[in-house]
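Please view the sequence and the model before reading on.

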Amino acid sequence: MSFDLVANVVVAGLFTGLVYGLMALGLSVIFGVVRVVNFAHGEMMTIAMYAVTVLFAAWKLDPFFAVLPAAAGFFVFGYLLQAGLINPFITRPEHSQFMLMVAVAIIMVNALLLAFGPDARNVQVDYQLESFEIGKILIDKARLYAALAAVGAAAALFAFFRFTLTGKAIRACADNYLGAKVVGLNVKRYYALTFGLGSACVAVAGCAMVLLVDVTPALGPYYTLLAFVIVIVGGLGSMTGALLGGVLIGVSEALAGLLIAPSAKSMFSFGLLIMVLLFRPQGLLGRKS
Amino acid sequence: MTRAGIGLAALSLLLLVFPAFAGPYALSVATLILFFAYTGQAWNVMMGFAGQLSLGHSLYVGVGAYAAGALFFHYGIGPWLGLWLAIVLCVAFGLAIGFLAFRFGISGVYFALLTIAFAEFTRIGFDHLDWLGGPGGMFLKVAQRDAWDLANFRGPPLMYYYAILLLTAAAFAGCWLLLRSKAGYYWQAIREDEQAAQALGVNTFRWKMLAVAISSAMTAVSGVFFAFYYNNLFPEQIFHISRSIEIILGPVIGGIGTLFGPILGAAVLTLLSDGITEALAALGWEIPGIKQVFYGVVLLLVVMFLPHGIWPAVSRKMGIGR
Amino acid sequence: MKRRQFNKAVAAAGVVSLANPFSIVRAQAQKLRVGVILPRSGVQGQIGQSCQMGAEIAPAVIKEMLGVDIEIMSADNESNVDTSRTRAERLIQEGAHVLVGAFDSGQTMSMAQVAEQRGIPHVVNIAAAPPLTEQGYKFVFRNFQTAPDIVREGLSLIGELFQATNTVPRSAVFMHVNDTFGQAMAKGIGGAMQRLTQLPFKIVDTISYDPAAKDLTVEVSKAKASNADFLLLVCRLNDAIILRREMVKQRWNPMGIVSPGSPGMYEEQFTKTLGKLADYCISNVPWYNANAPLTKVVEKAMAKRFPKEKLHFHGLNVGFTFEAILVAADAFKRARSTDPKTLADAIRQTNITSKMMLGGPIRFNAKGQVEGIGSACVQNLNQVPTVVLPASAAKAKPVFPMPGYKKA
């Protein structure tokens, strides 16, 4: 096993991991604040990916230019979804919330299947098959750009939560529901805002992901699970944790694929999830509740 | 006799004589309904009775099926012995998961995710186990289909129908008894408020483990039935998360925690999906895949407007108790 | 019954049948109802729909060829094993006399069990898992290669390819999907490579990958690092596309990409998505004989019914589905009855020499399997899957190594 091989694989895993991290970030924000198990998270990202392919097919719109409209559109979608459908479920038992989102996920996946068929779709941008050469390491251009977009979006989100009033209000709702209400915050509205933000995050992740992966309806459930694994490994309520978790999963899957059997890659992630759940359930960077 | 008793007797009679006037197609659909009813009931013990959301129940179906299947495939050992191995293995798995989860204080969504992780881990694992056929699948030999060979569980579809009917009835009766027993009351206490129960001195750990053990044992039997009815096992299909979701759809729609819920739910779902296919065919709409969308919509509507499932609402209308 | 009564009865029956000439006419006007079960939605939807075209053109073509009437009863098994079983039950209940299907081995198996149990003949159009004809079934027949057949034919065609192009690759890296089909092929190849000592190459590394994988960076890195001369690939459509692109990204240009027998590279979506990159990929698969008269008839029927589709993209799916129905119709013609047992016996006696797919006549052995179905070496040239070997059926010469090959 040469160093070049390992290096190439790790670098690719790192970049893919950053995009995973952005996707998980959206879930972390939603799960951490609204405490709703969004089992349709991956499906939402899949819809975003399809939207980008449609925009590309119609107007040759590069996914990076699609980021703003996609994010805006999904923000609205997420907001409405939370305000309309999910809000009444916050006080209901967990399995109820869960089944609600499962139903939403089933509808989403199959509607996509109906609309687009089971075969893969993708965008074909010019730089997609090119790579940068740094010594012996080949860096896939599209992968690098996608990772940069992910980091950029994550930074924007961090800034929002750190420096804006709305961001602080949302953190307050997450930290202390009762306290926030006492202080006069309209918690339900902030929940909807948060869901919208999380969805926008997912949309940007989708724009980035579509450069790396061909989209099929079956991706939805796969990404949902992956997002949950990352959020739990990285730590609930920690945004850096989500990114870190994403990178960790990206790199470890790549290495596991290299050193063990490639077809057993996902087994490693699930094994990691089980370990974390048992020995450090708050995740790597999460706070012990 | 109470209303409920009469209703139950009537239903039982109907199910017993059903094959006499039903064609082979209706019989195969009925067998499928009963299979999901039974498996849903098994899941219901863990969720509805003890309040633990398991989203990886396909693990037990798969392990049970492969255990009995492997014994038959490699050594020619019949299902009655294979059954015991299946149950032992599944209970072991269940207890392991339960132990890990409860000792470490994992519950709710985390527990659900843990069960999913175990099922997925096992699915990929079995894909790499060549002795069990790997992704190529395990095909059980079918000796004959005409005579009722109970020892090897081989025979006409009628035999399978009565077998699963018997299983479902036994599960129903068993759960009825369980609910009335000490275990049932402890479970109710744990479900409503675990901390309060603990404060009262209830050993919640022990009773939760019991629920997990019973649930996994029952599901193991379902797996054995599956193996000998379908005769081909693929890890991708039997351990898949979509199977786990299929299993819980019945009880959720019918009514978690109720006795009759899983049966009603399974019936409604299967008949609905078949009905939709027929209706679409009759309308001439050949849109493959639209059935699943309807499925999702129905599930959504039930979850939104009938959160306790269909059965409680129906039974209230009919004036019956649980 | 006394002899006199018996004679009277026979006479009476004779009179009755004479008085009822319609009975004869009705026998001739009998239609064969063929139940076709395919995965027309779900994961394998695209392939099922492709096969369905073969079923839809069948009645008209067969009416002209054999003069018998057949009615196609279609059902979608949604790429699901359970649904396959219930659909089979349903079709039989609605009066199907024979079943055809289903492409995927698991789905085919479950409908075969129903067919066997109900004593309805089942002609398998496409499914490679060996157990299908190893169960001792009396009513299941397969007109398609088994995985070992595919491997044997595929590998021997590879040998022919090297001879035809005067190349001697010494090493190959074997990549395969880790699913039912891929695994069966891998096992077959492992065994066959040991026996076929005249092949000049050795397999230096075997890499299996998840068919649902979206990212094959690691797999391709590993393959490239093996420094093999060419890539031996057992794949499906979506992963084939991902692999090809990843190879370009990682700048890996082996002598060629050769499949000893799998779907993917000859399918329309492959060339549509990859454009020029799809060229020179080789698939050794059972294929249709472009020079056979029946092929021309089918091609015309397809052009009429599905003007937008080209036969060369659907050759395998349409061809075998059509042939399965042809087997049923041919048996019906000889048996002159729709009684299932009679039909099954007639199918057992099948001997069709004028067929569409490459290989020997359609004749079922004792297990219900057709032996001697041929494969062709199909290479994408100018984005059209073209037969390059065997020479007798070739439309062009094979290109190997592919242009752009860089010795590592």
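How many salt bridges are there between chain B and chain A? The count is zero, a salt bridge being a side-chain nitrogen of Lys or Arg within 4 Å of a carboxyl oxygen of Asp or Glu.

## Basis of the model

This is a predicted model, in which local features need pLDDT of at least 70 and side-chain atom pairs count only at pLDDT 80 or more, while totals for chains, interfaces and linings use all residues. Residues are numbered from 1 along each chain as its sequence is written, chains are lettered from A and ligands numbered from 1 in the order in which they are written, and side-chain values use heavy atoms, with hydrogens and water left out.

## Where the chains meet

The contact (heavy atoms within 4.5 Å) takes 38 residues from chain B and 36 residues from chain A. The buried area, which is the accessible area (1.4 Å probe) lost by the two parts on being put together and summed over both, is about 3300 Å², with 86% given by carbon and sulfur atoms. In chain B, the residues that lose the most area to chain A are B:Val109, B:Tyr110 and B:Leu113, together 17% of what that side buries.

## A helix pair in chain B

Within chain B, the axes (lines fitted to C-alpha atoms over the stretch in contact, with angles from 0 to 180 degrees between N-to-C directions) of helix α4 (residues 79–103) and α5(B) come within 11 Å and cross at roughly 145°; helices here are DSSP runs (H or I, at least four residues), numbered from the N terminus. B:Ile97, B:Leu100, B:Ala101 and B:Phe102 in α4(B) meet B:Phe111, B:Leu114, B:Thr115 and B:Phe118 in α5(B).

Terms used:
Helices (H or I, at least four residues) and strands (E, at least two) are DSSP runs, numbered from the N terminus.
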